[in-house]
Amino acid sequence: MTERPISPHLQVYRLPPTAIFSISHRVTGVLLVAGMFLLTLVLMGLASGREAFLSIQAGMQSALGRALLWAWLFSLFFHMCHGVRHLLWDIGHGFERERLNRHAGYELAAALLLTGLVAWWA
């Protein structure tokens, strides 16, 4: 019986930035859906009366609630910036290797900047 080579695991490979950002785009999409459930809960609490809304508000003002809110906001901006990048790809721009990596950095910087602007404003 011959031994067949074992395929290396993901820990062996070094993923390029475009692959990491592609995976991150999917993760932020899931986080956005989860955030929409939370927003629905807040709206239902608002419609249910003062006591229900105050309990939801207390949860959102906790450290965990604020962290989830900021993660959701960053996910929104990152997902939007990556979506703009996909629109550029749809018209045929930005496929050169050096541009791919540079634009990935721009995406992250723009998402962080937009989140920071909201933090500054709030």
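A crossing of two helices is termed left-handed if the near helix is turned anticlockwise from the far one by less than a right angle. In the predicted model described here, helix α1 passes helix α3 in such a left-handed crossing. Helix α1 spans residues 17-48 and helix α3 residues 63-90, and the two pack at an angle of about 130°, their axes lying 8 Å apart.

On the α1 side, the contact is formed by Thr-18, Phe-21, Ser-22, Ser-24, His-25, Thr-28, Gly-29, Leu-31, Leu-32, Gly-35 and Met-36. Helix α3 contributes Trp-72, Ser-75, Leu-76, Phe-78, His-79, His-82, Gly-83 and Arg-85. Sorted by class, the residues of this contact comprise seven nonpolar, 11 polar and one charged.

The largest pocket of the model was also examined. Its volume is about 250 Å³, and its lining consists of Leu-31, Ala-34, Gly-35, Leu-38, Leu-39, Val-42, Met-60, Leu-68, Leu-69, Ala-71 and Trp-72. Both α1 and α3 supply at least two residues each to this lining, with the largest share, six residues, coming from α1. By class, 10 lining residues are nonpolar and one is polar, while none is charged.

Note on methods:
Residues are numbered from 1 along each chain as its sequence is written. This is a predicted model: local features need pLDDT of at least 70, side-chain atom pairs count only at pLDDT 80 or more; totals for chains, interfaces and linings use all residues. Side-chain values use heavy atoms; hydrogens and water are left out. Axes are lines fitted to C-alpha atoms, for helices over the stretch in contact, and angles run from 0 to 180 degrees between N-to-C directions. Helices (H or I, at least four residues) and strands (E, at least two) are DSSP runs, numbered from the N terminus. Contact means heavy atoms within 4.5 Å. Ala, Val, Leu, Ile, Met, Phe, Trp, Tyr, Cys and Pro count as nonpolar, Asp, Glu, Lys and Arg as charged, and the others, Gly among them, as polar. On a 1 Å grid over the protein atoms alone, a cavity is a set of points where a 1.4 Å probe fits but cannot get out, and a pocket is an open set with protein on both sides within 12 Å along at least five of seven lines; lining residues have an atom within 4 Å of a point. Grid points are joined across faces, edges and corners, and a volume is the space filled by probe spheres set on the points.
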